[in-house]
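Subject: Model for your review

Dear colleague,

I am passing on the structure we spoke about, and below it you will find my notes on how its chains meet. Please read them with the model open beside you.

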Amino acid sequence: MLKQIEGSHAVAEAVSLCRPEVICAYPISPQTHIVEALGEMVKSGELDRCEFINVESEFAAMSVAIGASAAGARTYTATASQGLLFMAEAVYNAAGLGLPIVMTDANRAIGAPINIWNDHSDALSMRDSGWIQLFAETNQEALDLHILAFRLAEELSLPVMVCMDGFILTHAYERVDMPTQQQVDRFLPPYEPRQVLDPREPVSIGAMVGPEAFSEVRYLAHAKQLQALERIPVLAGEFSTIFGRESGRLVHRYRTEDAETVVIAMGSVMGTIKDVVDEMRASGVSIGALGICSYRPAPLAVIRETVKGARRVVVLEKSLAVGLGGILATDVRMALSGLHLHGYTVIAGLGGRPILKSSLHALFERAGRDELEHVTFLDLNWDVVNRVLERERTTRRSGSIAENVLRDVGVPTASGV
Amino acid sequence: METQIIKFYQTGSFAVGNRLLDESQRSVQANMRRSNSLNSGHRACQGCGEALGARYAIDAAMQATSNQLIAVNATGCLEVFSTPYPETSWQLPWIHSLFGNAAAVATGVAAAMRVKGRQDVRVIAQGGDGGTTDIGFGCLSGMFERNDDVLYICYDNEGYMNTGVQRSSATPPAARTSTTAAIGEEPGNGFGQGKFVPAIAMAHEIPYVATASVAYLRDLEAKVHRAMSLRGARYLHIFVPCPLGWGAASEDTIRLARLVVETGLFPLFEAEHGEVTGRYQIRHRVPVEEYLRLQKRYSHLLGKRPAVATIARIQAMAERNIRRYGLLGEEA
Amino acid sequence: MFQVRIHGRGGQGVVTGAEMLSIAAFLGGRHAQAVPSFGSERTGAPVVAFCRIDDHEIRLREPVMAPDALLIQDPTLLHQIDVFQGLGPDGYVLINTNRSFEDLGLGEFMAGFRRERLCTVPATELALKYVGRPVPNVPLLGAFAAISGLISLDAVIAAIREKFSGKVAEGNALAAGAAYNTALEAKKEATHA
């Protein structure tokens, strides 16, 4: 059924259709609307046979999820940014214990300076936690990925994080096709745990493992992700049979066939990139785009296959490996090993900085002429940066960088750009 | 019928006997059909108070729930010595997640049981004082405040023993630990620090809070039974001596666990919804030196030049407990 | 693609206005995307929201840089920020005020625009009259329907009923209708003038 609703509400409805049994919630922007909606559904009885627990921190949220999942309940929570970092220890633990928890990460920057706006720093900080991480390009895909996530998580006994851009998607009203309960039930069978806390068959879960076996346990975590690499396309195929649309593949290719320039990105910025690709193609530029849906596991072979005929790859990412460059770009480089093509890293959209079509046009044109630096910071205000650097050179007590930058930037404009 | 009052404890040691009782009246530990929830073969030290406390408490809880029990364990000695994979001493479903989240994990387990209609299955969380009064305190308070259906058991041995005897917020004043050296102007742990979590639990007005000591088996078992007869958040704080961490003889574990009560340093009481409903009254009051003397962690107070003022401050703490909780019985 | 930018202050229903506009467009069979300007603004602070309307899927995720229509919910913003940024000469401008463009000191500036696409509406007054609260967002949408013809009044009222219920919904529907009629009159006058 077609609906014009907020992304967060679309996700909440999709999660509800998945018949979760335990939902734990702790407020943090921009994820709040999702759990608020779910809380209302539980209270109103619309979502029955479900426990909704308001916890005291994100660390507790993930911990409650761990207990509930280990006891055999289908479990969901959502978080973002500092919240994801605050629960980091439990995030790793959930993956280590092989608990199929599904969590939404409404992607948001990490402070300091505190910033509530979108980028991918939060999710990417957990890239090695053992969670499967899927990135949504649209609200339709965000809601679809949650249904897929429960299926994938429970099949593999692994937690899945569905990443959707904070505000840009979570707070956007757009058209979505909401599946029926029958469709979801057909796709998602009841949860059958691999091991469960049950007095009828007592087991000890989460005990210590020493050097004699730890490497093997860790390798098997890796092997599970490799299994996911095979299962995601299969499940996405099943998904499209039942729901009649494509969602949640490893990657989304857009006009990449014979493209000389392939732009690689994740999340909602793919929409803007596709518009730019169309406009550039119309003027005869050979360019395409590759959206990474499955960030973990990393679909290295598919990336390689997609770009091997290209002359250059531009990785545009909303994250920064401080002191290195790109995070996604580093992964992509793994896929490109041995291929002779130019690779460019572009850091864009940090802390909610809008990624403008006009900026992308200029960027991709420069890339086409191979005039880009290895690492480019899109739309960086160099005047301001240089002024701060100069101030630090000349004054010992130069004050807060964040405050100085804002003073130099001045008042924001009408469109926020 | 003529009746004769029998004291079920040995003269001198006050150890409570069972043999004179009918089998049905014996303690859970004296029952041949006890569940042995924490089975033999684990790696605890000789004289470990925590192993004893856990065994008493969980066996009693198993009996109270007809073995329909799930345990969540914080990181710590108890977790490490009981479960080196692929072996486990636990005879009930048991999960260890992290150091600071046992209460929250237990909340999750309880929620799963509720949603699945398994109300007969009860949940306990357990941890040492570090995992309870320090790193797990946020989750513990959250579990209390929501009145989640969990019995949380803290095995208090007054320090981080698993990591090599560091100070916790349950370490008593003047005690030496590896992070509160017995040197300087105020040797050992400082006065006026730390927290007594049973009182904080009471401030949450949860259905049940109790303290217990491994020297008082029947009292401990009765409190577990009482706790399991109630729903909602419950807290049991058990005093468990640590021979290694305290520099005490292994055979003195029970003696220390009794002396700490008889001095008044550790009050035994029960509270429901924030109000004290019962206390264990001291039968044979002893000065704190008798308790301190058995432990090397206090040796700096008791040498050739005893730290009279410090001992007096510790004695004052005992007096305060006796006053506050009304611990003086008829025989004291 | 038709792009709308709504300016107002926290508490005036700026974001809700953009959302209802997108629902109205959706009900009219169009694709629509409404997004707030993602602030942590408190009551009274300047707030911006965007709405795009098109005949096919909207993929663009940048803020509305060159609006086709501006809905200004608080005229005091005219002196604070450049609300007209990016507006083309064919753009629509609706301002919540009981004064005219001339009275607002915009007479000269607006001369470069198409008169029938400019409209002032006493949206706050209408909201107070029909809803009992100073929320000018819905009356402005009613006026926008009249001036632009891009969405119907029926669709606006249906969108109102999706967002609100009971008395609030009915009051808002009446306010939207009143603003629609006022704007339609003004448009006729401007067209004939």
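**Chains A and B**

Strand β9 of chain A and strand β2 of chain B (residues 94–96) run parallel and are joined by 2 bridges, where strands are DSSP runs of E with at least two residues, helices are runs of H or I with at least four, both numbered from the N terminus, and two strands pair if DSSP finds at least two bridges between them. Within this pairing, Ser204(A) stands opposite Trp94(B) in β2(B).

Please bear in mind that this is a predicted model, in which local features need pLDDT of at least 70 and side-chain atom pairs count only at pLDDT 80 or more, while totals for chains, interfaces and linings use all residues. Residues are numbered from 1 along each chain as its sequence is written, and chains are lettered from A in the order in which they are written.

In the contact between these two chains, 35 residues of chain A meet 37 residues of chain B, a contact being two residues whose C-beta atoms, placed from the backbone, lie within 7 Å. On the side of chain A that touches chain B, at least two residues each come from β3 (51–54), α3 (58–70), α5 (88–96) and β9 (204–205), and α3(A) gives the most, with 9 residues.

**Chains C and A**

Here the contact takes 26 residues from chain C and 26 residues from chain A. On the side of chain C, α1 (14–27) and β2 (31–36) are the elements that give two or more residues, with the largest share, 6 residues, coming from β2(C).

With best wishes
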